[in-house]
Every structure is written in C-alpha cells, then in structure tokens.
Amino acid sequence: MSNHMQNSSTHGSSSSSQAPSDQQQQHHQQPQPLSRYESQKKRDWNTFGQYLNNQSPPVPLSQCNFNHVIEFLRYLDQFGKTKVHLQSCIFFGQPAPPAPCACPLRQAWGSLDALIGRLRAAYEEHGGLPETNPFGSGAIRIYLREVKECQGKARGIPYKKKKKKRNQIKESQSAKAFKQLAS
C-alpha cells in the first residue's frame, strides 16, 4: 500500500511538474488570431489563387500579369453592390435617383483599391519581387483611376485631382518671399 501511494505520489508530482511546461508549450503553440486586415488579405489571396487555377488552362502565379489582375477585377463586378448608371440611363449623373433602374451593380472603386493593396502586399509576402508585382503595375493604377472616374460621373460626383499640400506650402512661401522683395 505504501508502494502504491509512493508510486502515485511520485507519478503525481512528476505530472504536476510537467503541467506548467505543458501549459507553456500549449500557449506557444496557439497562434495569435489574425487581425481583420490579415484575415481579409489571406482570404483575398486564396480567392485570387483559385481564380487563376480555374482559368482554362490554369495560370501559374509565376505567369500572372496585370491582364490577369484586370480580368479578376472585372470578374468580381458580378458580386458588386454599387449601382453604376449607364450613360443611356435617365438617372446617369444623379447622386440620388428617385426610382430604381436596370443599370448593373459593380464593385465600388474603394473596394477594388483596397483589394489591390492587400493583394500587392500578399504577393510580396509570398516571395514575389516588388518589381515583378502584377498588382503594382501602372496598368492597374490606370484601370482603377478609370473605374473611379466612371463611377463618379455615373453618380454625378466628378473626380477632381487634389493638389498636393507640399505644392501649396511652397506656393505660399514663394508668395511671401515675392511680397518681401516687392516692398
């Protein structure tokens, strides 16, 4: 009986001494939950990879270029929720149309812009070089600018490029210097 208690107490003491280290290992093994941005980026990356795999023939990521990215963005339009009035629509250019129309739903420019930012970061995190990043292509920036302008016109909100603050500061400094010279 004393042997049995000795064994159980020895066994118990060894298991209690292992418990903290087991807890520490479990704590280290559990990954931190991803932030909302990181989980969205992962989801977007997987969706884009699926899109490339579903092409006929499948497109390997190493062969992906800006044309594939633009085709992907156009593909996503079918899941959009932003009404974009056609020029032939009577509500074209009206910010708040009074009635429904048959114009298509599209992805909003801001959603596409954010998506491209996440995919651009994911591409480089997965070993892609910045200089070969198809999401950073000038063609993508042009496409996004055209989408923004088109959606703005369709809603009656013209797109106007803002002047950079740096130029405004330099202009005000130049004006002050000119006034000082003139006086």
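**Overview: the whole chain.** The chain exposes about 13800 Å², an accessible area from the Shrake-Rupley method with a 1.4 Å probe, where for residues only the protein chains shown count as cover. Carbon and sulfur atoms supply 53% of that area. This is a predicted model: local features need pLDDT of at least 70, side-chain atom pairs count only at pLDDT 80 or more, and totals for chains, interfaces and linings use all residues. Residues are numbered from 1 along each chain as its sequence is written, and side-chain values use heavy atoms, with hydrogens and water left out. Of the 183 residues, 23% count as buried (under 20% relative accessible area, 1.4 Å probe, protein chains only). Of contacts (heavy atoms within 4.5 Å) between residues at least 6 apart in sequence, 59% join residues at least 24 apart.

**View 1: helix α2 against helix α4.** Helix α2 spans residues 36–53 and helix α4 residues 109–125. They pack at an angle of about 80°, axes 9 Å apart. Axes are lines fitted to C-alpha atoms, for helices over the stretch in contact; angles run from 0 to 180 degrees between N-to-C directions. That makes α2 roughly perpendicular to α4 (65 to 115 degrees). From α2, the contact includes Tyr37, Trp45 and Phe48. From α4, Leu115, Arg118 and Tyr123 are among the partners. The contact residues divide into eight nonpolar, two polar and five charged. Here Ala, Val, Leu, Ile, Met, Phe, Trp, Tyr, Cys and Pro count as nonpolar, Asp, Glu, Lys and Arg as charged, and the others, Gly among them, as polar.

**View 2: helix α4 against helix α5.** Helix α5 covers residues 138–154. It packs on α4 at about 165°, with the axes 9 Å apart. The pair is therefore roughly antiparallel (over 145 degrees). Trp109, Leu112, Asp113 and Ile116 of α4 meet Ile140, Leu144, Val147, Lys148 and Gln151 of α5. This contact divides into six nonpolar, one polar and two charged residues.

**View 3: the surroundings of His68.** His68 lies in helix α3, residues 66–76. His68 counts as buried because its relative accessibility is 16%. Leaving out residues up to four places away in sequence, His68 touches Phe48, Tyr51, Leu52, Val59 and Gln63. Phe48 also takes part in the contact of α2 with α4.

Note on methods
Helices (H or I, at least four residues) and strands (E, at least two) are DSSP runs, numbered from the N terminus. Angles under 35 degrees count as roughly parallel, over 145 as roughly antiparallel, 65 to 115 as roughly perpendicular and the rest as oblique. Buried means under 20% relative accessible area, exposed over 50%, partly exposed in between (1.4 Å probe, protein chains only).
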